[in-house]
2 protein chains.
Amino acid sequence: MPPVPSDDRGLTLGDGLFETVLAKGGALVLLDAHLARLARGCAELGLPAPDLDAARVLMAQAAEPGPRIAVRLTVTAGSGGRGVDRPAAPALRMIATSAPAPLPEGPARLATSTVRRNAGSPASRLKTLAYLDNVLARREARAAGADEALMLNGAGEAACAAVANIFWIKGGRLFTPALDCGVLAGVMRAEVMAIAGRRGVEVREVRSSPAAILEADGAFLTSSLVGVRPVCELDGVGLGEDPLIEAFGAAVRDAGLA
Amino acid sequence: MPPVPSDDRGLTLGDGLFETVLAKGGALVLLDAHLARLARGCAELGLPAPDLDAARVLMAQAAEPGPRIAVRLTVTAGSGGRGVDRPAAPALRMIATSAPAPLPEGPARLATSTVRRNAGSPASRLKTLAYLDNVLARREARAAGADEALMLNGAGEAACAAVANIFWIKGGRLFTPALDCGVLAGVMRAEVMAIAGRRGVEVREVRSSPAAILEADGAFLTSSLVGVRPVCELDGVGLGEDPLIEAFGAAVRDAGLA
């Protein structure tokens, strides 16, 4: 991919967004949902509308044939402006890259991160280039011997993993943190909620202490690259294996979404 | 400046730091303090120690002669890694750029931003490449007809401006938000506190409601590029002009710091 000028606002300020889409045999999974989220994010950040046709072309070019490829579209606010002030008419810059996306081995062990989600910023609900908190949370989880972080928000409520949404099951109901907890509106999160709706499984979007996860019958992560991944452990405490976890994992696989 | 590869983690994830230093006639003001902060920031983010000699060379090259030039050093976590996970041995990438740094005209009018500082992340106390919240806060302030934002933290406490620290004066004492409110450890903030100490002016680092600023005898912003800038207005309410504001402004100018 072409390099980026050193005055790009994505580089200098994290001023931009990205999407990561799974490509299977060259086909981009749930592409429309990703592009719709990108357009909503640009509007929310006050950026011009992205050229979605151009995005499709770039991403199709990056989607090499192969069983599981991650195609990343990076959209920056472009060059220019003075300091944090954007130029009067920002010209977005778009880049597509690809990398292998192997499935992780086994269920996830989570460690609660000290790095909190900022529910007081719209960026906490978007996939922005200012992703450093997620980098730091994952790093802390790895240092604790875990695979992934459980991130809380400033109020101490459960929010999400470093690069995934989280669900838990209790009494046959599905629970997941509400978006206003500081949670990315995950494409796979929405798919799992839709599957639950079709199967008559009640889903509650909640503001909840992380203790609810420890008291649950089981928990799982969702992301576009992985689909559904069971959580076996939170801070060293083993979690249950409610059969709904495997049911949702199978539903996502059967629909070709992961 | 050379472009940056599209897989640079500064671009893709905001994984890195920057410093902005005032150059006057080619001389970099308070350079040692900026480089010391950069080194502390790299340590706090778990990045390798930056090559400060190389940084000095790059910044000196960028410091064109001229009355007021802003020299920016951008230090990214470099290329590589898998998703948010850094490579085992990150190789930092350093870039220096420059731009004119004219003094702003007149005092600042502040508007309180809805975008909050994330006191629950170490990034809130560092000058990281994940600077989007500051971009959004400034944008909101401009839309409200102001020059700069007053940012609160998640607890609703006064924190800072989008690109400056804030002080206020009450009864001859100086007040400024404590760093653990989610505040950058500003180089000019530290200089002003040192000047106050030498002059026998008491400084209190506080957790405070923004109402304290409205009830103060005056307020000012500090930053490396501007020095001391009086605040004349917060959310449309006029603020006082305590003579200490001009005294600190003059002290910073007389020391050649702005």
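In which sense do strand β8 and β9 of chain A pair, and over how many bridges? The points below take up this question and then turn to a helix and to the contact between the chains.

1. This is a predicted model, in which local features need pLDDT of at least 70 and side-chain atom pairs count only at pLDDT 80 or more, while totals for chains, interfaces and linings use all residues. Residues are numbered from 1 along each chain as its sequence is written, and chains are lettered from A and ligands numbered from 1 in the order in which they are written.

2. Strand β8 (residues 165–170) of chain A and β9(A) pair in the antiparallel sense over 3 bridges, where strands (E, at least two residues) and helices (H or I, at least four) are DSSP runs numbered from the N terminus, and two strands pair if DSSP finds at least two bridges between them. A:Ile169 stands opposite A:Leu174 of β9(A). The two strands form a hairpin with 2 residues between them, and A:Gly171 in the turn has a positive phi of about 60°.

3. With strand β10 (residues 203–206) of chain A, β9(A) pairs in the parallel sense over 4 bridges, and the bridge partner of A:Phe175 in β10(A) is A:Arg204. From β9(A) the chain crosses through helix α5 (residues 187–199) to β10(A) in a right-handed β-α-β crossover, that is, with the strands pointing away from the viewer, the path from the first strand over the helix to the second runs clockwise.

4. In helix α2 (residues 31–45) of chain A, the buried residues include A:Leu31, A:Leu38 and A:Leu45; a residue is buried if 20 or more other C-beta atoms, placed from the backbone, lie within 10 Å of its own, exposed if 12 or fewer, and partly exposed in between.

5. Between the chains, 43 residues of chain B are in contact with 43 residues of chain A, contact meaning that the C-beta atoms, placed from the backbone, lie within 7 Å. On the side of chain B that touches chain A, α4(B) gives the most, with 7 residues. The buried residues of α2(A) pack against several elements, among them α4 of chain B.

Terms used
Contact = placed C-beta atoms within 7 Å. Expected span 1.5 Å × (residues − 1).
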